[in-house]
Amino acid sequence: MEEFDGEPAVTVIPGVNSKKNQMCFDWGPGEMLVCETSFSKKEKSEMVPSCPFIYIIRKDVDVYSQILRKLFNESHGIFLGLQRIDEELTGKSRKSQLVRVSKNYRSVIRACMEEMHQVAIAAKDPASGRQFSSQVSILSAMELIWNLCEILFIEVAPAGHLLLHLLDWVRLHVCEVDSLSADVLGSENPSNHDSFWNLPGNTQTLTELELKWQHWHEECEQYLQDSTFATNPHLESLLKIMLGDEAALLEQKELLSNWYHFLVTRLLYSNPTVKPIDLHYYAQSSLDLFLGGESSPEPLDNILLAAFEFDIHQVIKECSIALSNWWFVAHLTDLLDHCKLLQSHNLYFGSNMREFLLLEYASGLFAHPSLWQLGVDYFDYCPKLGRVSLELHIERIPLNTEQKALKVLRICEQRQMTEQVRSICKILAMKAVRNNRLGSALSWSIRAKDAAFATLVSDRFLRDYCERGCFSDLDLIDNLGPAMMLSDRLTFLGKYREFHRMYGEKRFADAASLLLSLMTSRIAPRSFWMTLLTDALPLLEQKQVIFSAEQTYELMQCLEDLMSRRPVRGESDIQQLQDEDIETTKVEMLRLALARNLARAIIREGSLEGS
Amino acid sequence: MVSVINTVDTSHEDMIHDAQMDYYGTRLATCSSDRSVKIFDVRNGGQILIADLRGHEGPVWQVAWAHPMYGNILASCSYDRKVIIWREENGTWEKSHEHAGHDSSVNSVCWAPHDYGLILACGSSDGAISLLTYTGEGQWEVKKINNAHTIGCNAVSWAPAVVPGSLIDQPSGQKPNYIKRFASGGCDNLIKLWKEEEDGQWKEEQKLEAHSDWVRDVAWAPSIGLPTSTIASCSQDGRVFIWNCDDASGNTWSPKLLHKFNDVVWHVSWSITANILAVSGGDNKVTLWKESVDGQWVCISDVNKGQGSVSASVTEGQQNEQ
């Protein structure tokens, strides 16, 4: 049976204290809505003053911090670089790459810390100054933890090197100079110290070092026993410290800023060649000794302890609870996963802890009007649920500007998210239609490959033409290209416009053929035939014969078709029939023109044959 | 960290019954016992009243935003037995349609997935569910399911659109054949699943029985691409159940008890990625739940209204992975 550690966190919404009413709740795309309400539906509400406020609450408010934004942006670049590290790489070269990545992350944290520190100092009012300072300490704690994780899990420093790394680690985080070390270095037996700490690049093995150290340690013990320095209590206490005497060390507590400083100093003098697996023992006792039963460990202490115990999962879990956003745990876990350190637990959400945390982090980024773009890349590297999460989130991005819409579309198209593309284009197309921007609507429906909508917009174009006698957005229609094939109506629109162009260029024969084909091929909607036939009139009235006899017969057939109202297969009657009178007159004119043309055509064709 | 980022003063003169964010999180619609529906622009932490819509003659129980591809459309339902559809035309909000086909209070309205078209389901205390489908040119077609629940229907919720059968692309221009489904909860203690048949009629497909008192709310979880379907239900009996259906045909549903509360549970809703369920209970709290590895539901956060000067900063604990 699962136990969830600790009670769920409680968020109190400041508001009217009313024991009578309940809380109404709803999800927004990125936030939550809460308001006071009464669920029991009565017609008349009781005369209880109700609260007219609606509270919009959100987690991940950190995304709005200006300074942290740099952290998010730069770490995003490091994250991507890490994902692209050649999987083939193994052994030392891989390890050094991973260590470099870790150091990069840390330098980004430090840079952010520095900047926030500057802002904290420059803050005008003390309240915000305090807020920034607390952010600085949080960032500092994050770097402290990350650094330790780097030493223990990524660098995997062996005995000997381990202590050196830990010394650096402590030095980096302790502002004041370690005056004890300074003392020791300047004291008795400096030569022994020098040669001992010449580790980098020296060829001594660990055993040799241990022997040397043992020898030196015994020498010091000898001095103590012989009371060589009995006359000088200061030197004696120094000697005790050098021997790693805990009590002596603790006497200098004010110089030690915290328990891990104490730990490392202690190790320096009592067991400098400490092995990684023995660390936790020293860590626990250092913590206990340092706190001395006066105070209890803080979350940070527990996290560090977990690290010393090499309990990676515990570290991540505690960090998740202690920190206010997912940035830290998401990136650290991802890096540790690349080091192949995480056992795969199958979680419901995401294939493992790494994916779970990345999903949470990326979702948080989508709450921000521009950081969401970073979120896209994170979702890309979540193999199980990344894609569907991206689909759900990307549709909710408000498309305030065309530029933003295009950006979103490009992202969807690159990932073959056809449903989302269609949906977004449809939204934009409809918005365009409502604002009477037919050209825009048409381009969006073409991009969406939405045939039905393209038909709708084409119809609007044609209706506009009938009403005004000219086309809008000629450029677009003229350059449709293969997109014309999307829907029959669109094809008709394109071809019809082509007819007009041909006519304008005086390519009458071509225009005539095209016009006829539009009817005979049934591409033209029946409702438009009258218009087409009327368009044929000027061609029929030309001095030269344009329509051949056969073509004229076909035109006549079309006219009769139309008049008999024979239902043509595949047509849908959209347009209203024209006024009866006007139609009759038109039909008369057409019949006359067709007859005349037929006569002329027959004569012309007959003559040609004859000669 | 969960914090209050905006407080909107709706100036409603009476109890607020529902508040809904639009698709993009830029607009907020609220409704109240004062018979009005209000719309606010809440971008960038602000609050600008866009519309104060009057038309109902009784307390308004729920509002629902349609998908943005249909424009800016909002539906509201009320004690006055009416459902009103409001539309924004040229920058102003107006009543676009009124549906008065019920004999009793209309308790719940829910828009279908946009893939199906513009369809609204309405549940009423007269026990019937009506479905309004927009057919164009301001016309709405009505289908009614009489006696869907004896005594009354309290909630309706649509299933997410899933194209049935193979994943082969439909030829362009043709609409894929969606199987439309929705769930309803009623005073007969039942949750019913409804399916549209080929002839356009709605048929009761399933009865889900587990509650011992009126079902107050049902919520069908958004699809995250897994083959399972999930529904949450809550009831007067204080219980919240999570129903799961594993097979694609949608035949066997099994309930899992999320929690038994000490009071009526009124409202359940899923976050957009379906990973968190919010439960509004009679105990003045909203609790947030997540499913853990072994399938147990774990409460991750308590949102509590009460006295206090500052909202405590809390974090959502990550789910237990052991």
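In strand S15 of chain B, Gly186(B) is the bridge partner of Cys153(B). Strand S14(B) and strand S15 (residues 181–186) of chain B are joined by 5 bridges and run antiparallel. Two strands count as paired if DSSP finds at least two bridges between them. Helices (H or I, at least four residues) and strands (E, at least two) are DSSP runs, numbered from the N terminus. The model is predicted: local features need pLDDT of at least 70, side-chain atom pairs count only at pLDDT 80 or more, and totals for chains, interfaces and linings use all residues. Residues are numbered from 1 along each chain as its sequence is written, chains are lettered from A and ligands numbered from 1 in the order in which they are written, and side-chain values use heavy atoms, with hydrogens and water left out.

The pairing belongs to an open sheet of 4 strands in chain B, ordered S14-S15-S16-S17 and antiparallel. Strand S14 (153–158) and strand S17 (202–209) of chain B are the edges; each has a single partner strand, so one side of each lacks a neighbour in the sheet. From one strand to the next, the twist averages 25°. Strands of a sheet pair through backbone hydrogen bonds, either parallel or antiparallel.

## A second sheet: S18 to S21

Chain B also holds an open sheet of 4 strands in the order S18-S19-S20-S21, with antiparallel pairing. Its edges are S18 and strand S21 (253–260) of chain B, each with a single partner strand, so one side of each has no neighbour in the sheet. Neighbouring strands here are turned by 20° against each other on average, direction ignored. S18(B) and strand S19 (residues 229–235) of chain B run antiparallel and share 5 bridges. In S19(B), Ile231(B) is the bridge partner of Trp220(B).

Arg216(B) sits in strand S18 (residues 215–220) of chain B. With a relative accessible area of 16%, Arg216(B) is buried (buried means under 20% relative accessible area, exposed over 50%, partly exposed in between; 1.4 Å probe, protein chains only). Beyond neighbours within four places in sequence, Arg216(B) is in contact with Asn154(B), Ala155(B), Cys234(B), Ser235(B), Gln236(B), Val264(B), Val265(B) and Trp266(B). Contact means heavy atoms within 4.5 Å. Glu204(B) is 12 residues from Arg216(B) in sequence and 19 Å away in space, C-alpha to C-alpha.

## Chain B as a whole

Chain B has 25 strands and 0 helices. Of its 322 residues, 62% are buried. Take the contacts in chain B between residues at least 6 apart in sequence: 43% of them join residues at least 24 apart. The accessible surface of chain B is about 12500 Å², and 44% of that belongs to carbon and sulfur atoms. Accessible areas come from the Shrake-Rupley method with a 1.4 Å probe; for residues, only the protein chains shown count as cover.

## Helix packing in chain A

Helix H10 (residues 259–270) and helix H12 (residues 299–308) of chain A have axes that come within 11 Å and cross at roughly 30°. Axes are lines fitted to C-alpha atoms, for helices over the stretch in contact, and angles run from 0 to 180 degrees between N-to-C directions.

From H10(A), Trp259(A), Tyr260(A) and Leu263(A) meet Leu300(A), Asp301(A), Leu304(A), Leu305(A) and Phe308(A) in H12(A). By class, this contact has 7 nonpolar, no polar and 1 charged residues. Ala, Val, Leu, Ile, Met, Phe, Trp, Tyr, Cys and Pro count as nonpolar, Asp, Glu, Lys and Arg as charged, and the others, Gly among them, as polar.

## Salt bridges

Over all chains, the structure holds 36 salt bridges (a side-chain nitrogen of Lys or Arg within 4 Å of a carboxyl oxygen of Asp or Glu). Asp168(A) pairs with Arg171(A) in one of these salt bridges, with the closest N and O atoms 3.6 Å apart. Both residues lie in helix H4 (residues 161–173) of chain A, 3 residues apart, about one turn of the helix. Asp168(A) is partly exposed at 46% relative accessibility, while Arg171(A) is exposed at 51%. Glu505(A) and Arg507(A) form another salt bridge, 2.8 Å from N to O. Glu505(A) is partly exposed at 46%, and Arg507(A) is partly exposed at 36%.

Arg591(A) and Glu560(A) also meet in a salt bridge, at 3.2 Å, N to O. This pair links distant parts of the chain: Arg591(A) is in helix H27 (residues 580–610) and Glu560(A) in helix H26 (residues 549–564) of chain A, 31 residues apart. Arg591(A) is partly exposed at 37% relative accessibility, and Glu560(A) is partly exposed at 34%. Elsewhere, salt bridges with shared partners join Lys103(A), Arg106(A), Arg110(A), Glu143(A) and Glu150(A) into one network.
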